[in-house]
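Subject: Handover of a structure

Hello,

I am passing this structure on to you, with the sequence and the model below.

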Amino acid sequence: MVEDLETSLFLEYARRRIAFEYDNEEMGELAVKILKTLSERNEAIPDETLALILGISATEIRRILHVMHRAGLVGLARESTDQYRYEYKWFINRDFIRKFLIQHINNVASKLMHRINTLGSTTLYICPTCFRGYTLDEAYEYDFKCPRDDTELVQVDVPSELAFLTNVIKNLRREDKE
């Protein structure tokens with residue numbers, strides 16, 4: 001499978017998200033294998049078939065698929081079979097990846113806009129070691145020292161931070177349009 005930038009970003013996000021969810025890098029790699037298989041086949045596939053293709057237990061595949069579905073990484077289709085049963089099939093396609101990335105870019109841009117609004121209304125301090133941010137009230141409470149590593153807190157340079165965040169949002173919006 002030839003990976004373009006969109007696909008590689010999507011797979012990397014999925015790998016990290018699942019590895020974090022399970023606190024296990026191997027689970028992240030398995031998620032990437034599942035997503036690559038779904039993308040290569042470009043059709044909805046039952047979890048049992050995915051298990052056969054990848055040589056991994058269906059239970060393990062189902063667990064990862066459900067986590068990826070909750071995260072919006074894969075789609076789920078329910079089809080009726082004979083004998084009034086349902087078969088669940090999992091899918092991913094190019095449009096799905098594109099929509100996911102656009103939604104993710106919009107979420108990140110929204111969080112950055114919230115940060116810009118916060119910078120305009122609150123004095124913020126940051127720990128230069130762990131980069132955790134604190135409001136003025138929190139900085140007073142901790143005597144202007146980071147409670148994690150006892151480093152002296154530094155006031156955020158609002159103009160440069162605003163310029164940086166505005167530039168990041170502009171670049172994200174440009175990627176969103178392409």
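I start at the surface. Leu-76, Tyr-86 and Tyr-88 make up a nonpolar patch there, and together they have about 280 Å² of accessible area. Please keep in mind that this is a predicted model.

Leu-76 counts as partly exposed because its relative accessibility is 32%. Tyr-86 has a further contact: the charged end of Arg-78 sits over its ring, 3.8 Å from the ring centre.

Next, the sheet around E2. Strand E2 runs antiparallel to strand E3 (residues 85–91), and seven bridges join the two. Among the residues facing each other, Ala-77 has Lys-89 in E3 as its bridge partner, and Glu-79 has Glu-87 in E3. Three residues lie between the strands in the hairpin of E2 and E3, and Gln-83 in this hairpin takes a positive phi near 65 degrees.

E2 and E3 are part of an open sheet of three strands, with the order E1-E3-E2 and antiparallel pairing. Its edges are strand E1 (45–46) and E2; each has a single partner strand, so one side of each is left without a neighbour in the sheet.

There is another open sheet of three strands, ordered E5-E4-E6 and also paired in the antiparallel sense. Here strand E5 (133–135) and E6 stand at the edges, and because each has a single partner strand, one side of each lacks a neighbour in the sheet. Three bridges pair E4 with E5, which run antiparallel. Leu-124 is found opposite Thr-135 in E5.

That leaves the aromatic rings. How many aromatic pairs does the structure hold? The number is six. One of them is formed by Tyr-13 and Phe-100, with 5.3 Å from centre to centre and 55 degrees between the planes, and this pair is tilted. The two residues come from distant parts of the chain: Tyr-13 is in helix H1 (residues 5–22) and Phe-100 in helix H5 (residues 94–121), 87 residues apart.

A second example is the pair of Tyr-125 and Phe-144, whose ring centres are 5.2 Å apart. Their planes stand at 75 degrees, so the pair is edge-to-face. Tyr-125 is in strand E4 (residues 124–126), while Phe-144 is in the loop between helix H6 (136–141) and strand E6 (154–155), so the pair ties together parts that are 19 residues apart in sequence. With a relative accessible area of 12%, Tyr-125 is buried.

If you want a place to begin, open the model at the nonpolar patch of Leu-76, Tyr-86 and Tyr-88, then follow E2 across to E3, its antiparallel partner.

Regards

Key:
Residues are numbered from 1 along each chain as its sequence is written. This is a predicted model: local features need pLDDT of at least 70, side-chain atom pairs count only at pLDDT 80 or more; totals for chains, interfaces and linings use all residues. Side-chain values use heavy atoms; hydrogens and water are left out. Rings of Phe, Tyr and Trp (its six-membered ring) pair if their centres lie within 6.5 Å; planes under 30 degrees apart count as stacked, over 60 as edge-to-face and the rest as tilted. Helices (H or I, at least four residues) and strands (E, at least two) are DSSP runs, numbered from the N terminus. Buried means under 20% relative accessible area, exposed over 50%, partly exposed in between (1.4 Å probe, protein chains only). A charge sits over a ring if NZ of Lys or CZ of Arg is within 6 Å of the ring centre and within 35 degrees of the ring normal. Patches are made of residues with over 30% relative accessible area and no salt bridge: like charges are joined within 9 Å, nonpolar side chains (Val, Leu, Ile, Met, Phe, Trp, Tyr) within 5 Å. Accessible areas come from the Shrake-Rupley method with a 1.4 Å probe; for residues, only the protein chains shown count as cover. A salt bridge is a side-chain nitrogen of Lys or Arg within 4 Å of a carboxyl oxygen of Asp or Glu. Two strands pair if DSSP finds at least two bridges between them.
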